[in-house]
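Biologist: I would like a close look at one part of this model. Please take it residue by residue and keep to what the coordinates give.

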Amino acid sequence: MSKQEFANVAERQWVPVVLSGEACPQWMRGIPKEIVNLVLASGIFNDPRVIEERGVSYSGLVGGIDIYRYDQNDEPLGYPINKDHYVIILDQDNDDALLVHGPLRDHEHWICQLPDLPEGIVVIDTFGD
């Protein structure tokens, strides 16, 4: 993913935003729009971090994206929404690129409803907002 695709998120310094429409990065446009319920993102460029997720260390972490999508196969089980988490890290070989790792699944992968969003959360719906 290009850094430019994540710049509007990173400038908000870890304050979550909703991504919609053209603001969604190119790599996620292969996910059928009719199943995507919500995309939340947050990050920052000037304070990369190191995290460990399920025994894997990620260095250069600058953000994350959560995609909440409908899954008809999980609906009979009472969990019609799946949350897929992606970590965004700096590409050590290309200063203008970010690497996307995921989906990472945790205890919040199978959920019965979308999260409550704070009132006034910023929605970004076009590239370059």
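Is Tyr86 buried or exposed?

Modeller: The model is predicted, and what follows is computed from it. Tyr86 has a relative accessible area of 10%, which is under the 20% limit, so Tyr86 counts as buried.

Two aromatic pairs are present in the structure. In the one formed by Phe6 and Phe45, the ring centres are 6.3 Å apart and the planes make an angle of 55°, so the pair is tilted. Phe6 belongs to helix α1, residues 3-10, while Phe45 is in the loop between β2 (36-43) and β3 (49-53); the pair therefore ties together parts that are 39 residues apart in sequence. Phe6 is buried, at 1% relative accessibility, whereas Phe45 is partly exposed, with a relative accessible area of 28%. The ring of Phe45 also has the charged end of Lys3 over it, at 5.6 Å from the ring centre.

Tyr86 itself pairs with Trp27: the distance is 4.8 Å centre to centre, with 55° between the planes, and this pair is tilted. Trp27 is in the loop between β1 (17-19) and β2, and Tyr86 is in strand β5 (residues 81-90), so distant parts of the chain, 59 residues apart, are linked.

Another side-chain pair is that of Arg69 and Asp84, which are joined by a polar contact of 2.6 Å. Arg69 is in strand β4, residues 56-70, and is buried, with a relative accessible area of 14%. Leaving aside residues up to four places away in sequence, Arg69 touches several residues, including Ile35, Val36, Asn37, Ile81, Arg105 and His109.

The backbone has some points to check as well. The peptide bond from Gly102 to Pro103 is cis, with omega near 5°; Pro103 is in strand β6, residues 98-104. Gln13, although not a glycine, has a positive phi of about 50°, and Trp14, also not a glycine, has a positive phi of about 70°. Gln13 is in the loop between α1 and β1, and Trp14 is in the loop between α1 and β1 too. Trp14 is partly exposed, with a relative accessible area of 25%.

Conventions: Residues are numbered from 1 along each chain as its sequence is written. This is a predicted model: local features need pLDDT of at least 70, side-chain atom pairs count only at pLDDT 80 or more; totals for chains, interfaces and linings use all residues. Side-chain values use heavy atoms; hydrogens and water are left out. Rings of Phe, Tyr and Trp (its six-membered ring) pair if their centres lie within 6.5 Å; planes under 30 degrees apart count as stacked, over 60 as edge-to-face and the rest as tilted. Helices (H or I, at least four residues) and strands (E, at least two) are DSSP runs, numbered from the N terminus. Buried means under 20% relative accessible area, exposed over 50%, partly exposed in between (1.4 Å probe, protein chains only). A charge sits over a ring if NZ of Lys or CZ of Arg is within 6 Å of the ring centre and within 35 degrees of the ring normal. A polar contact is a pair of N or O atoms within 3.5 Å; within protein, one must be able to donate a hydrogen and the other to accept it, and residues adjacent in sequence count only if both atoms are side-chain atoms. Contact means heavy atoms within 4.5 Å.
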